[in-house]
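Here are my notes on the model, as numbered points. Please read them with the coordinates open.

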Amino acid sequence: MAEEEGPTVELRQRRKLKSSENKESAKEEKIRDTPMPERAPKHVLFQRFAKIFIGCLAAVTSGMMYALYLSAYHERKFWFSNRQELEREITFQGDSAIYYSYYKDMLKAPSFERGVYELTHNNKTVSLKTINAVQQMSLYPELIASVLYQATGSNEIIEPVYFYIGIVFGLQGIYVTALFVTSWLMSGTWLAGMLTVAWFIINRVDTTRIEYSIPLRENWALPYFACQIAALTGYLKSNLNTYGERFCYLLMSASTYTFMMMWEYSHYLLFLQAISLFLLDSFSLEQSEKVHEVYKIYIFSLFLGYLLQFENSALLVSPLLSLVVALMLAKCLQLNVKKGTFIAKIMKVINFYLVCTLTVTLNIIMKMFVPHKENGHMLKFLEVKFGLNMTKNFTMNWLLCQESLQAPSQDFFLRLTQSSLLPFYVLVLIICFLSMMQVIFRRINGKSLKETITLEDGRIGGRPEIIYHVIHTILLGSLAMVIEGLKYLWTPYVCMLAAFGVCSPELWMTLFKWLRLRTVHPVLLALILSMAVPTIIGLSLWKEFFPRLMTELMELQEFYDPDTVELMTWIKRQAPVAAVFAGSPQLMGAIKLCTGWMVTSLPLYNDDDLLKRNENIYQIYSKRSAEDIYKILTSYKANYLIIEDAICNEVGTMRGCRVKDLLDIANGHVVCEEGDKLTYSKYGRFCHEVKINYSPYVNYFTRVYWNRSYFVYKINTVISFQS
């Protein structure tokens with residue numbers, strides 16, 4: 001039997017070899033049959049070179065001008081160069097103050113290695129808590145900035161604060177340049193890039209938060225994501241040559257990994273991108289291999305990020321990894337079936353179901369076996385946000401009251417409409433989406449389509465990069481309609497997509513083909529409109545908004561906060577070095593930056609322990625007894641308490657969203673269902689009562705400093721109950 005089996009196996013191997021040889025020969029024949037492109041005349045090459053050169057020059061110039069504009073606007077807004085160091089540092093508010101404080105710590109460290117060690121084993125920021133600040137707060141931008149500042153010898157030329165904000169402004173210039181290039185790649189004209197930049201700057205209130213908070217992680221990360229999208233757009237193009245494809249792949253790999261290192265929430269954004277690519281792969285069969293190459297980049301970036309981010313388990317249990325692994329497994333199980341047949345359609349549905357099921361299953365399994373600190377408060381927040389649950393929890397209700405976590409206001413849509421951005425975006429999106437659906441239905445029905453799309457075809461929805469961008473912008477837009485803070489991810493996309501559409505002859509040609517235009521030659525009219533419409537838009541934007549931008553740069557604004565300056569000066573002069581301060585998290589961030597003193601809480605919302613601390617410290621504005629507040633503060637080893645008059649006497653915010661209102665609800669001092677009827681509390685509001693200086697408050701707390709905005713109390717270590 002063994003002797004008989006040998007020839008059979010050999011025969012099977014020969015058949016396999018023969019089939020593989022046939023495939024290779026078929027590929028060689030296809031390559032031979034493909035006509036070699038004729039060499040373009042010299043004048044055509046010169047025109048192409050001139051077009052690329054002018055476009056690149058315009059892209060780089062746009063980025064540089066935007067960075068300079070941000071620098072000039074920041075100087076005018078804060079009068080930065082004429083201020084002392086303390087006054088400059090006060091302009092960093094909330095979590096921005098924490099990020100910049102660690103940059104200062106790195107510069108003060110005797111060596112880079114020692115500085116990194118102190119940040120990864122940090123016990124000088126939050127009392128009774130040792131944290132890995134680099135991992136928990138994604139401080140890689142600060143590490144890089146400190147290295148560059150010292151390695152380039154900039155400490156002899158420029159102050160640290162100017163170097164730091166200069167890097168961020170430079171990255172914003174790269175951000176704008178990347179959006180320019182993406183729109184240019186999609187439309188074929190750099191005029192679209194110019195229009196993208198114009199819309200981005202005019203709508204900068206809704207496209208970026210750089211004006212409000214410079215060191216935010218998203219301001220460091222999103223420029224790299226924009227570069228990744230630009231590289232991905234070029235990579236998905238059907239007519240890209242080998243060298244261009246390699247360049248795009250390398251740029252995409254580098255920018256994906258860097259983006260993941262800069263922002264802790266980056267893998268969620270890449271998850272949305274992976275969904276878009278999965279749907280593209282389902283609808284457009286031509287780019288399947290390229291899409292799976294992008295999946296490999298995701299896996300490489302995730303595991304490299306896991307190793308270099310101190311074995312960050314959040315990356316292993318991320319939905320991105322589960323989805324990519326599911327897609328890889330589904331591809332291995334996929335059968336080769338003739339396109340357009342009924343079986344092929346059934347297999348597509350089965351493959352889609354398999355990917356969704358595998359993704360959910362893998363994510364559950366990973367969470368079961370990989371130890372991780374999941375942000376449970378995020379899931380609870382989403383439940384309450386979408387009405388699936390109700391809570392009286394202070395932290396949840398406080399997050400719900402934040403403007404950035406609410407639905408977009410009407411003013412947002414009004415601003416986009418006034419700049420003509422929203423109407424053109426809707427027009428472009430509708431045309432691209434309908435064209436995409438038309439192409440998809442034709443493929444489902446098995447109709448053959450031309451591989452190379454020409455202008456005369458009027459089929460803009462057949463291009464892979466257009467399908468990807470349409471799906472991606474719909475996903476981002478859907479999220480932005482629910483949470484306003486996500487508009488900073490979607491609105492730049494809106495600028496880029498709207499500019500590409502009005503400048504693309506293919507889009508106009510697609511529209512004319514549907515309208516069956518016969519009076520004028522549609523191709524000629526499409527070419528004319530692709531130049532005329534953006535020119536008219538550009539001139540109208542210039543006339544209406546350019547004077548406003550110049551006025552903003554001309555007028556001097558002044559950030560004047562003498563009370564905070566006086567408070568920080570008193571702390572540096574009067575408080576002991578080992579003192580621990582308690583107060584609102586936003587103020588604690590400023591104290592950490594301006595004085596270096598230890599605090600009880602931080603304005604960070606990705607750690608359950610810090611969130612609990614924040615809620616406990618906020619009790620100083622509730623109706624609790626002096627003894628309760630004293631026990632809370634001493635449990636965190638606090639020596640000084642700071643009461644902010646703006647929070648204690650808060651009147652201007654949304655009804656039910658003041659800090660003291662939320663505390664009353666959480667503590668059961670207000671019953672919302674009975675029309676905000678106050679329930680019994682035998683104690684007055686602590687922040688009011690402690691100012692009156694009567695027993696028992698004076699027994700626990702001694703006022704040592706006050707001004708119009710702040711009241712500082714020393715927490716007594718020896719309690720006297722004498723009246």
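1. Helices (H or I, at least four residues) and strands (E, at least two) are DSSP runs, numbered from the N terminus. The model is predicted: local features need pLDDT of at least 70, side-chain atom pairs count only at pLDDT 80 or more, and totals for chains, interfaces and linings use all residues. Residues are numbered from 1 along each chain as its sequence is written, and side-chain values use heavy atoms, with hydrogens and water left out.

2. S420 sits in the loop between α20 (410-418) and α21. Its phi is near 65°, a positive value in a residue other than glycine. S420 has a relative accessible area of 18% and is therefore buried (buried is under 20% relative accessible area, exposed over 50%, partly exposed in between; 1.4 Å probe, protein chains only).

3. E311 also has a positive phi, near 55°, and is not a glycine. The loop that holds E311 runs between α14 (288-308) and α15 (313-316). With a relative accessible area of 54%, E311 is exposed.

4. Overall, the protein has 33 helices and 7 strands. Of its 723 residues, 49% are buried. Among contacts (heavy atoms within 4.5 Å) between residues at least 6 apart in sequence, 71% join residues at least 24 apart.

5. How do α21 and α24 pack? Helix α21 (residues 421-444) meets helix α24 (residues 505-515) at an angle of about 65°, and their axes are 10 Å apart. Axes are lines fitted to C-alpha atoms, for helices over the stretch in contact, and angles run from 0 to 180 degrees between N-to-C directions. The two helices are therefore roughly perpendicular, a class that covers 65 to 115 degrees (under 35 is roughly parallel, over 145 roughly antiparallel, the rest oblique).

6. On the α21 side of this contact are V428, I431, C432, L434, S435 and Q438; on the α24 side are L507, T510, L511 and W514. These residues divide into 7 nonpolar, 3 polar and no charged (Ala, Val, Leu, Ile, Met, Phe, Trp, Tyr, Cys and Pro count as nonpolar, Asp, Glu, Lys and Arg as charged, the others, Gly among them, as polar).

7. Helix α13 (residues 266-283) has 18 residues, which at 1.5 Å a residue should span 26 Å; its end C-alpha atoms are 26 Å apart, in agreement. The expected span is 1.5 Å times one less than the number of residues. Because 13 of the 18 residues of α13 are buried, this helix is largely enclosed by the rest of the structure.

8. A cis peptide bond joins S695 and P696, with omega about 10°. P696 is in the loop between α32 (686-689) and α33 (697-700).
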